[in-house]
Amino acid sequence: MTPPPSADPETPAVELRGITKRFPGTLANDAVDLTVRRGEIHALMGENGAGKSTLMSVLYGMERPDAGSVRIDGREVVFSDPGDAMAAGLGMVHQSFKLFDSLTVAENVVYAAEPRRFGLVDRGAARRRVRELAEEHGLAVDPDARVGDLPVGLRQRVEILKLLHRGARTLILDEPTAVLTPGEADALFAVLKSLAAQGRTVILVTHKLREVLEGSDNVTVLRDGHVVARLVTAETSAAEIAAAMTGRAVELDRVHSAGTPGDVILDVTDLATDGVRDVRLTVRAGEIVGIAGVAGNGQSELVEALAGLRPVTSGRVALLGDDITHASATERRAQGLAYVPEDRHAVGTAPAASVADNLAMGHHRTSLSARGLLPPAAVRGHARRLIERFGIKAVSPEVPGSSLSGGNLQKLLIGRELAHDAPLLLVEQPTRGVDIGAVQNIHDQLIAYRDAGHAVLLVSAELSEIRGLADRVLVMYEGRVTAAYEKAEADERTLGLAMAGGAGGSAPVTQVAPVEVGD
Amino acid sequence: MEQAPRTSPTTLIARALRSPVAFSVLAGVVIGALFLVGTGADPVAAYGAVLSGSLGADGIGPTLTTLTSVLGLALALAVPLRAGLINLGGDGQMVLGGMAAAVTGLYSPLPAPLTVVLALLAGMAAGAGYAALAALCENRFGVPLLVSSLLLSYPAASFASYLARYPLKEPGSSLPQTRQLPVGVALPAFGSSTVTVGLLLVVVAAATYWFTDRRTAFGYEMRMTGLNSRFAAYAGVERKGLTLRLLAVSGSLAGLVGAIGVLSFPYRFLDGSLTASGYTWTGLTAALLAGAAPVGTVLASFFFAVLQVGGLSMERTTEVPRELTQVLQAIVIVFLAARLRFPRFARRRDNKPFDNPVPQGPQSSQGELV
């Protein structure tokens with residue numbers, strides 16, 4: 001809340017010099033320099049494992065660097081824990097929010113730094129303080145609302161207010177838009193820009209190119225623990241940043257040509273289940289139907305109901321003309337359905353099991369088994385074939401699934417399901433948390449699968465993914481399909497509006513999306 | 001057998017040494033030795049007595065008899081544990097199995113050898129049926145298996161106790177026991193020892209478990225359910241059916257142990273004798289120690305059988321109380337629960353601290369404040 005102590009406006013707000021952090025087997029940061037000027041929005045980019053997380057942990061006092069120095073407002077500091085970092089004016093919004101759902105906004109904001117009166121918490125003062133801060137920074141939120149009742153976008157505001165209340169001059173935001181609608185994201189960036197205009201500094205850790213281009217002043221790109229690029233946002237392009245992140249030219253946001261739809265494979269009429277109602281849709285052979293929507297608007301429930309993991313309360317589901325409304329998951333698979341679930345660690349794989357065992361699931365009663373026997377040699381052979389075919393990077397089929405990177409685990413999961421050659425494929429968030437390089441590979445696989453005459457139902461929160469892959473786009477909002485577009489009509493703005501309930505910019509999302517946990 | 005092909009023996013040994021099991025057992029032995037030294041006893045002599053008393057010429061018989069029960073019950077608990085299910089009702093299932101075998105043995109009109117087979121089958125069926133009841137409680141009414149299996153155990157034991165004290169009580173005896181089984185209605189023993197064909201049955205059960213676990217589609221579903229039940233359910237493994245089947249198998253093994261107990265010396269059902277030694281809990285410990293892996297369960301059962309029998313012998317020969325072996329068991333379990341292991345040369349750490357800040361939830365912000 002106070003202006004920076006140092007008088008010289010040219011002194012960087014944050015200056016990391018030669019930060020080296022070694023973990024056994026990896027050099028997470030190798031002599032990394034990062035300079036963040038006061039009053040700028042600085043994006044820190046890089047793929048998973050590039051070292052940005054480690055660098056921020058060092059800055060925030062969660063990790064001690066092996067070498068290098070940290071200067072805040074020109075003064076060299078050594079933080080032994082995040083408390084020290086906060087005292088020096090840093091504040092971090094974690095990807096998974098750290099709020100008490102059952103307390104009010106005001107209580108959360110002042111928590112552990114409460115205004116006191118006669119040794120008791122002064123609730124009136126707390127509320128006033130939140131109102132003041134909210135007004136000052138354009139972060140409108142009701143101080144008396146229970147945090148648990150707020151949509152994700154507002155919870156994030158509470159996190160930011162919390163930092164401002166404690167006097168943070170430099171805000172570090174970790175993947176802040178992962179759970180926001182495009183409208184909410186725009187609102188967030190407006191807030192960040194106004195904070196920067198007041199002389200506060202923002203460090204944005206993200207992998208989303210679009211928002212970096214729109215919302216930041218400077219970009220530092222890390223790869224394999226090194227700084228590989230320092231760019232001025234106004235003078236760079238998405239392609240340049242992506243090339244720096246991956247170390248090679250990447251074709252971004254490729255829009256694939258439309259497929260040639262054939263017979264109806266999946267026919268859903270008036271489907272209802274928990275959180276989903278009145279859903280009608282068809283998916284034809286040779287087409288990808290995309291479902292866009294902010295997380296938590298019924299997409300997961302719909303897909304689970306289609307996969308047989310959630311009971312259907314009313315309506316009808318037909319696969320290849322047969323009624324499967326009340327069929328079990330196994331019966332549906334036998335009928336011709338494969339499914340890539342959203343959560344690859346908790347649902348899509350068993351990370352503790354070997355790669356071979358993970359690849360065998362679903363094939364273990366069909367192609368790999370004879371009279372109930374499941375020969376280990378068949379399981380291994382199957383694993384080797386899929387590892388080769390889908391380019392999964394695994395030391396051997398025997399290593400546990402947890403030893404694979406996020407992208408490779410996703411390749412394993414998608415490869416296993418594609419190998420069923422099922423007429424219908426359900427795919428949820430196929431590239432969430434996956435590196436740019438692997439995204440391209442996964443998209444190509446899905447397009448090839450479609451072109452081979454299969455029907456694909458794709459659920460994704462990434463608009464660019466929906467636009468690039470889908471032949472038709474449906475938008476889900478509050479459990480219903482509220483809009484449908486042909487490929488040509490589905491531009492980002494139209495979809496963004498529909499995802500926010502058609503109301504535009506500010507997002508009236510009433511359903512609370514599950515807080516995403518990073519991977 | 002459980003390892004990948006083409007691994008050299010050295011890596012196998014290295015891997016075994018790095019496992020928490022090896023660490024726990026070794027730590028137990030070392031700390032046990034410190035206890036012995038502290039009480040003025042000679043650890044070498046004490047451990048020597050444990051080994052010679054359990055594996056020597058006089059000890060091996062009792063050890064194998066104990067192994068029969070411990071391994072049988074360890075398998076009974078390992079089978080559901082492999083899928084993440086815990087059957088705490090081994091006592092009840094075993095006692096019902098024993099009682100069913102006793103009743104069959106006493107009243108079967110068939111010739112003795114067939115009666116023995118029938119009694120074994122009856123024991124297994126009784127245990128299986130009773131365990132299945134616990135599974136149904138979970139499947140139908142949502143009573144957690146842990147609770148349903150444990151609580152059902154007590155009425156089963158009481159029911160068998162009632163039968164042994166009243167309707168089936170041996171006339172004129174002061175003990176709560178049934179009449180002795182007719183001559184010939186007994187499991188054949190090896191030579192003059194107390195080791196019976198029951199040991200073979202249990203070993204065959206272990207081999208079957210190994211085969212099912214490693215080489216069948218059902219075993220695969222069982223393992224995957226244990227490693228991640230949501231993953232298995234997602235792929236269509238039907239959990240309720242799996243629970244029912246695994247519990248039935250588990251109960252039949254417990255029932256088999258009961259039947260073997262009745263069909264061996266003293267050839268009758270004596271109230272409390274099957275459960276007195278607490279083999280169900282030893283079996284559970286062995287299954288947990290091995291993470292329900294088939295080969296590991298056999299080894300762990302053998303380890304505990306040696307400790308139990310050797311402990312008695314140690315007490316006789318060295319004046320060290322046999323409680324030492326229980327201390328040893330306890331230490332092993334504590335270490336195992338802590339999942340300690342020998343460190344690698346370079347310790348690996350989670351190198352993504354920022355993505356997963358160690359303290360989770362809002363509570364942790366306390367630590368971040370000034």
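A residue counts as buried if 20 or more other C-beta atoms lie within 10 Å of its own, exposed if 12 or fewer, and partly exposed in between, with C-beta atoms placed from the backbone. This is a predicted model, in which local features need pLDDT of at least 70 and side-chain atom pairs count only at pLDDT 80 or more, while totals for chains, interfaces and linings use all residues. Residues are numbered from 1 along each chain as its sequence is written, and chains are lettered from A and ligands numbered from 1 in the order in which they are written.

**The sheet of chain A**

Let's begin with the strands. Helices (H or I, at least four residues) and strands (E, at least two) are DSSP runs, numbered from the N terminus. Two strands pair if DSSP finds at least two bridges between them.

Strand β3 (residues 41–45) of chain A is mostly covered, with 5 of its 5 residues buried. In a regular strand the side chains alternate between the two faces of the sheet. In β3(A), A:Ile41, A:Ala43 and A:Met45 point one way, whereas A:His42 and A:Leu44 point the other way. The table gives the pairing of this strand.

| Partner of β3(A) | Sense | Bridges | One residue pair |
|---|---|---|---|
| β10(A), residues 201–206 | parallel | 5 bridges | A:Ala43 with A:Leu204 |

Which residues of helix α8 (residues 238–246) of chain A are buried? They are A:Ile241, A:Ala242, A:Ala244, A:Met245 and A:Thr246. These residues pack against β3, α7 (209–215), β11, β12 (226–232) and α15 (436–451) of chain A; contact here means C-beta atoms, placed from the backbone, within 7 Å. Just after α8(A), A:Gly247 takes a positive phi of about 80 degrees.

The domain assignment gives chain A domain 1 (14–246) and domain 2 (264–349 + 420–499); such bounds come from an automatic or database domain assignment. Taken over C-alpha atoms, the centres of these two domains are 34 Å apart. Domain 1 of chain A brings 9 residues to the contact and domain 2 of chain A brings 8 residues. On the domain 1 side, α6 (182–197) and α8 of chain A each supply at least two residues, and α8(A) gives the most, with 3 residues.

**A helix pair in chain B**

In chain B, the axes of helix α8 (residues 197–215) and helix α14 (residues 294–318) come within 8 Å and cross at roughly 150 degrees. α8(B) and α14(B) are therefore roughly antiparallel to each other, a label for angles over 145 degrees, with under 35 roughly parallel, 65 to 115 roughly perpendicular and the rest oblique. B:Ala206, B:Tyr209, B:Trp210 and B:Asp213 in α8(B) meet B:Pro294, B:Val295 and B:Val298 in α14(B).

How values were computed: Contact = placed C-beta atoms within 7 Å. Axes fitted to C-alpha atoms, helices over the stretch in contact; angles between N-to-C directions.
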